Amino acid sequence: MADFGGRSGSLATTAAAFVQTLGWSMPQVSEVLDEYQEVESRLNDRYKECALEFPVTHGVEAETGAFLYAIARLLKPKTVVETGVADGRSSFVILSALERNGSGALYSFDIRPQVGKLVGHHPQWHLQISKPQEALSSFVRALRRLGAIDLFFHDSDHRYLSQLIEYEQAWRCMTPGSVFASDDVDDSRAFLDFCDRNGTTPSLLLDRRKVIGAVRR
Ligand SMILES: C[S@@+](CC[C@H](N)C(=O)[O-])C[C@H]1O[C@@H](n2cnc3c(N)ncnc32)[C@H](O)[C@@H]1O
């Protein structure tokens, strides 16, 4: 596990505190997190209705889900990019926020065709599946097409080089004020090295089994 001692600007244990470290006030955060209860309830219904393809533990943890919803509501992003879909827990909460915003699109990337069961079809969702050996090159090509990203979330291949390369590719597309986030930043030193290289101080969220990192561009 990466050593975070003395590295982070902040270490939160709740979505509310984590979002505030990225620049929003408590009343703003509370308002959107109040909405999240209804999203969680619909998501729980989907878990009962769907035949899932992945272990439930592949999905983002509870506070991370709340964080993704809140940040997507507060930023009102035009373009959201996520890597790593599995059954689509993170995709579902991001899309719920975009739906409520009435604008924005989510571009999700994975290497397995059976992903996204919790979402099914959604008009604001663009899912791209690549062959494993072409995952990085097709991701880079897609980023060139998209041009600018307002919210990025990594949750795909957590090996050091895969994380670092993906981070660097996405970072150059991030718009001013955008939010760049990664699940599982404790799986390797990639996120810490990435922040050092780019002179950014990460906010961290300690969520049950893992650590999520985020920076505001
Ligand atoms: C931890 S799961 C994602 C969980 C998802 N974010 C959620 O909340 O339900 C990891 C996913 O990354 C995908 N994956 C692994 N390597 C990848 C790569 N190089 N590019 C894109 N996706 C990848 C896997 O197929 C799997 O669906």
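Guide: Helices and strands here are DSSP runs, numbered from the N terminus: helices are H or I with at least four residues, strands are E with at least two. By that rule, Ile 212 falls in strand 8, residues 210-216. The model is predicted, so local features need pLDDT of at least 70 and side-chain atom pairs need 80 or more, while totals for chains, interfaces and linings use all residues. Residues are numbered from 1 along each chain as its sequence is written, and side-chain values use heavy atoms, with hydrogens and water left out.

Visitor: Why is Ile 212 called buried?

Guide: Buried means under 20% relative accessible area, exposed means over 50%, and partly exposed lies in between (1.4 Å probe, protein chains only). Ile 212 has 0%, so it is buried.

Visitor: What makes Lys 78 exposed?

Guide: Its relative accessible area is 65%, so Lys 78 counts as exposed. Lys 78 sits in the loop between helix 3 and strand 2.

Visitor: Why is Lys 76 called partly exposed?

Guide: Lys 76 has a relative accessible area of 47%, so it is partly exposed. Lys 76 lies in the loop between helix 3 (62-75) and strand 2 (79-83).

Visitor: Which value of phi does Lys 76 have?

Guide: Phi of Lys 76 is near 50°. That is a positive value in a residue other than glycine. Most residues other than glycine have a negative phi.

Visitor: Where does Asp 184 lie, and what is its phi?

Guide: Asp 184 is in the loop between strand 6 and helix 7. Phi of Asp 184 is near 55°, a positive value in a non-glycine residue. The C-alpha atoms of Asp 184 and Lys 78 are 25 Å apart, at a sequence separation of 106 residues.

Visitor: Why is Asp 184 called buried?

Guide: Asp 184 has a relative accessible area of 8%, so it is buried.

Visitor: What makes Ser 188 buried?

Guide: The relative accessible area of Ser 188 is 10%, so the residue is buried. Ser 188 belongs to the loop between strand 6 (174-182) and helix 7 (190-198).

Visitor: What makes the pair Ser 188 and Gln 163 a polar contact?

Guide: A polar contact is a pair of N or O atoms within 3.5 Å; within protein, one must be able to donate a hydrogen and the other to accept it, and residues adjacent in sequence count only if both atoms are side-chain atoms. The side chains of Ser 188 and Gln 163 make such a contact at 2.8 Å. A polar side-chain atom of Ser 188 also lies 3.0 Å from the backbone nitrogen of Ala 190.

Visitor: Which residues come nearest the ligand?

Guide: Near means that a heavy atom of the residue lies within 4 Å of the molecule. There are 18 residues around the ligand, and Gly 84, Ala 86, Ser 90, Asp 110 and Asp 155 come nearest. Helix 4 (89-101) and strand 3 (105-110) each supply at least two residues of this shell.

Visitor: How much of the ligand does the protein cover?

Guide: The ligand has 610 Å² of accessible area on its own, and the protein covers 86% of that (Shrake-Rupley method, 1.4 Å probe).

Visitor: Why is Asp 87 called buried?

Guide: Its relative accessibility is 6%, so Asp 87 counts as buried. Asp 87 is in the loop between strand 2 and helix 4. From Asp 87 to Glu 40, C-alpha to C-alpha, the distance is 15 Å, with a sequence separation of 47 residues.

Visitor: What makes Pro 55 partly exposed?

Guide: Pro 55 has 45% relative accessibility, so it counts as partly exposed. Pro 55 is in the loop between helix 2 (26-49) and helix 3. The C-alpha atoms of Pro 55 and Ala 86 are 8.9 Å apart.
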